[in-house]
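Here is my note on this model, as numbered points. Please read it with the structure open.

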Amino acid sequence: MTTTGYHRTILTPEQRRQAREFAEWLLMPTADRDWQELVGDPDPIVSPDGTMKARLIEPAEILRYMMAGNATITIKSLKTQTRFTFRIRKIGKDSPHFVSLLSGPDNTEDYRFLGTIFEGRDYRHGRRSHISEDAPAAKAFEWFFAHLKRGRVSTHLEVWHEGRCGRCGRKLTVPESVRDGLGPECAGRV
Ligand SMILES: [Zn+2]
């Protein structure tokens with residue numbers, strides 16, 4: 001029997017623990033958020049290089065940011081504190097969106113292909129991905145995106161952009177841009 005280049009991963013105890021946590025995570029309630037419960041706009045986090053990461057709140061704005069063409073999001077479980085960073089990129093006007101997972105210490109380089117979003121809504125795990133479809137990060141993205149496109153985000157989840165425009169990748173500076181994850185010029189084009 002051939003495995004056609006598919007890498008099956010044997011889980012370490014740490015990965016098993018993570019997988020268990022994520023099994024819980026997948027059962028978390030989702031709801032149309034009650035915006036009133038959120039106290040104002042959360043403050044951005046300023047990195048040493050001056051980039052301002054900020055939390056994206058509403059499902060529609062999260063989706064808009066993610067689909068802008070050159071987005072990086074971190075999703076964090078408030079229950080387990082587990083976090084994953086994904087890059088969602090389009091490589092041309094008519095290209096689908098390619099999703100990669102941050103898998104190393106360099107947050108500009110260490111991304112591995114995870115899957116593809118077709119026509120802005122149909123997510124498929126990549127057959128060429130070296131990350132197993134059952135890996136916690138893969139399940140987390142699939143689950144997160146399935147809810148997001150129906151306008152829902154788990155109340156146990158935080159979603160952050162990384163301080164750069166989701167379309168052109170430039171550092172965000174204006175408060176309104178930091179809030180939306182899109183620069184002033186790009187905001188009008190997505
Ligand atoms: Zn931009």
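1. Start with helix α3. Its buried residues are Pro136, Ala137, Ala138, Ala140, Phe141, Phe144, Phe145 and Leu148. Buried here denotes 20 or more other C-beta atoms within 10 Å of a residue's own; exposed denotes 12 or fewer, and partly exposed lies in between, with C-beta atoms placed from the backbone. Helices (H or I, at least four residues) and strands (E, at least two) are DSSP runs, numbered from the N terminus. α3 is 13 residues long and spans 18 Å from first C-alpha to last, close to the 18 Å expected at 1.5 Å a residue. That expected span is 1.5 Å times one less than the number of residues in the helix.

2. A word on the basis. The model is predicted: local features require pLDDT of at least 70, side-chain atom pairs count only at pLDDT 80 or more, and totals for chains, interfaces and linings use all residues. Residue numbers run from 1 along each chain as its sequence is written.

3. Overall make-up. The protein has 5 helices and 10 strands. Of its 190 residues, 31% are buried. Take the contacts with a separation of 6 or more: 50% of them link residues 24 or more positions apart. A contact requires C-beta atoms, placed from the backbone, within 7 Å.

4. The sheet. It is open and has 8 strands, in the order β2-β3-β10-β4-β5-β6-β7-β8, with antiparallel pairing. Two strands count as paired if DSSP finds at least two bridges between them. β2 (45-46) and β8 (122-125) are the edge strands, each pairing on one side only. Helix α3 (residues 136-148) packs on this sheet and touches β4 (70-77), β5, β6, β7 (111-118) and β8. The direction of α3 makes about 170 degrees with that of β8. Axes are lines fitted to C-alpha atoms, for helices over the stretch in contact; angles run from 0 to 180 degrees between N-to-C directions.

5. Pairing of β4. With β5 it pairs in the antiparallel sense over 7 bridges. Ala71 stands opposite Ile88 in β5, and Ile73 has Phe86 as its bridge partner there. These two strands, β4 and β5, form a hairpin with 5 residues between them. In that turn, Gln81 has a positive phi of about 65 degrees. β4 is also joined to β10 by 5 bridges, again antiparallel. Here Ile75 stands opposite Val159 in β10.

6. Pairing of β5 with β6. Strand β5 (residues 83-90) and strand β6 (residues 97-102) are antiparallel, with 5 bridges. Arg89 has Phe98 in β6 as its bridge partner. The two strands form a hairpin with 6 residues between them.

7. The core. Which residues in the largest nonpolar core touch the most other members? Leu101, Ala137 and Phe141 do, out of 37 residues. Such a core is a set of buried Ala, Val, Leu, Ile, Met, Phe, Trp, Tyr and Cys residues joined through C-beta atoms within 7 Å. The elements giving two or more residues to this core are β3 (52-56), α2, β4, β5, β6, β7, α3 and β10 (157-161). α3 gives the most, with 7 residues. In soluble globular proteins, nonpolar side chains tend to be buried together.

8. Leu101 and Phe84. Beyond its neighbours within four places in sequence, Leu101 contacts Phe84, Phe86, Tyr111, Arg112, Leu114, Ile131 and Ala137. Phe84 lies in strand β5. It is buried because 21 other C-beta atoms lie within 10 Å. Leaving out residues up to four places away in sequence, Phe84 touches Thr74, Ile75, Leu101, Ala137 and Ala140. The C-alpha atoms of Phe84 and Ala138 are 9.7 Å apart, although the two are 54 residues apart along the chain.

9. Helix α2 (residues 59-66). Ile62, Tyr65 and Met66 are buried. They share one side of α2 because they cover an arc of only 95 degrees around the axis. The arc is taken over the directions from the helix axis to the C-beta atoms.

How values were computed
Two residues are in contact if their C-beta atoms, placed from the backbone, lie within 7 Å.
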